[in-house]
Each structure stands twice: as structure tokens, then as C-alpha cells.
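Dear colleague,

Please find below the structure that I am handing over to you. My findings follow it.

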Amino acid sequence: MSVKSVSIRIEEEMLAKLSSVAAYEGRTLNSQVLVLIRDAIKNFEAKNGPIEMKILPENNVKPERKKK
């Protein structure tokens, strides 16, 4: 599976807040966005049934760090 890039338009304040959340969680902004996307897909599938594709998180996000 290849990894693709996506650009989005986002308000400056929203980007700053999302960056703060990512830093708090010990993630990069990119990794935080991927976590949110995976959660959205999981919620969608819980309500609507599985999407017939295999998504490999290890291709998209570094493993989460254990919190101390």
C-alpha cells in the first residue's frame, strides 16, 4: 500500500489548537490527524458496517508512546 499526501485548508486558530492537542498527546500534527481519521472510520464502521479495505496503521502512524 502506498502512502499518499493530502492538503487541507484550515483556519489558523483551529490549526494552532490541533497542534496543541497533538503536542499534549506526544504526537506530531500529522500523526494526530491520522488518529482522528482512524477514529472517524472506526465510528462510521460501527454504525454502518465494515468498509471492505484493509488499512495498515503502521504505514501511517508511528506507534503511540506509553505515557508515564
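In which helix is glutamine 32 found? Glutamine 32 is found in helix α2, which covers residues 29-48; helices (H or I, at least four residues) and strands (E, at least two) are DSSP runs, numbered from the N terminus.

Some conventions come before the rest. This is a predicted model, in which local features need pLDDT of at least 70 and side-chain atom pairs count only at pLDDT 80 or more, while totals for chains, interfaces and linings use all residues. Residues are numbered from 1 along each chain as its sequence is written, and side-chain values use heavy atoms, with hydrogens and water left out.

Overall composition

The chain has two helices and zero strands. Of its 68 residues, 12% are buried, where buried means under 20% relative accessible area, exposed over 50%, and partly exposed in between (1.4 Å probe, protein chains only). The chain exposes about 6400 Å², and carbon and sulfur atoms supply 57% of this area; accessible areas come from the Shrake-Rupley method with a 1.4 Å probe, and for residues only the protein chains shown count as cover. Among contacts (heavy atoms within 4.5 Å) between residues at least 6 apart in sequence, 42% join residues at least 24 apart.

Helix α1 comprises 14 residues, 12-25, and reaches 20 Å from its first C-alpha to its last, close to the 20 Å expected; the expected span is 1.5 Å times one less than the number of residues. Just after α1, glycine 26 takes a positive phi of about 75 degrees. Arginine 27 is found in the loop between α1 and α2.

Salt bridges

A search of the whole structure finds two salt bridges, each defined as a side-chain nitrogen of Lys or Arg within 4 Å of a carboxyl oxygen of Asp or Glu. Glutamate 13 pairs with lysine 17, with the closest N and O atoms 3.3 Å apart. Both residues lie in helix α1, four residues apart, or about one turn of the helix. An α-helix has 3.6 residues a turn, so residues three or four places apart point the same way. Both glutamate 13 and lysine 17 are exposed.

Arginine 27 forms a salt bridge with glutamate 25, the closest N and O atoms being 3.8 Å apart. Arginine 27 counts as buried because its relative accessible area is 19%, whereas glutamate 25, at 29%, is partly exposed.

Surroundings of glutamine 32

Is glutamine 32 buried or exposed? Glutamine 32 is buried, because its relative accessible area is 5%. Leaving aside neighbours within four places in sequence, glutamine 32 is in contact with Leu18, Val21, Ala22, Glu25 and Arg27. The C-alpha atoms of glutamine 32 and leucine 18 are separated by 8.1 Å, and these residues are 14 apart along the chain. With arginine 27, the side chain of glutamine 32 makes a side-chain polar contact of 3.0 Å. A polar contact is a pair of N or O atoms within 3.5 Å; within protein, one must be able to donate a hydrogen and the other to accept it, and residues adjacent in sequence count only if both atoms are side-chain atoms.

Nonpolar surface patch

Val6, Ile8, Ile10, Met14, Leu15 and Leu29 form a nonpolar patch on the surface, with about 540 Å² of accessible area together. Patches are made of residues with over 30% relative accessible area and no salt bridge; like charges are joined within 9 Å, and nonpolar side chains (Val, Leu, Ile, Met, Phe, Trp, Tyr) within 5 Å. Leucine 29 is found in helix α2 and counts as partly exposed, at 30% relative accessibility.

Yours sincerely
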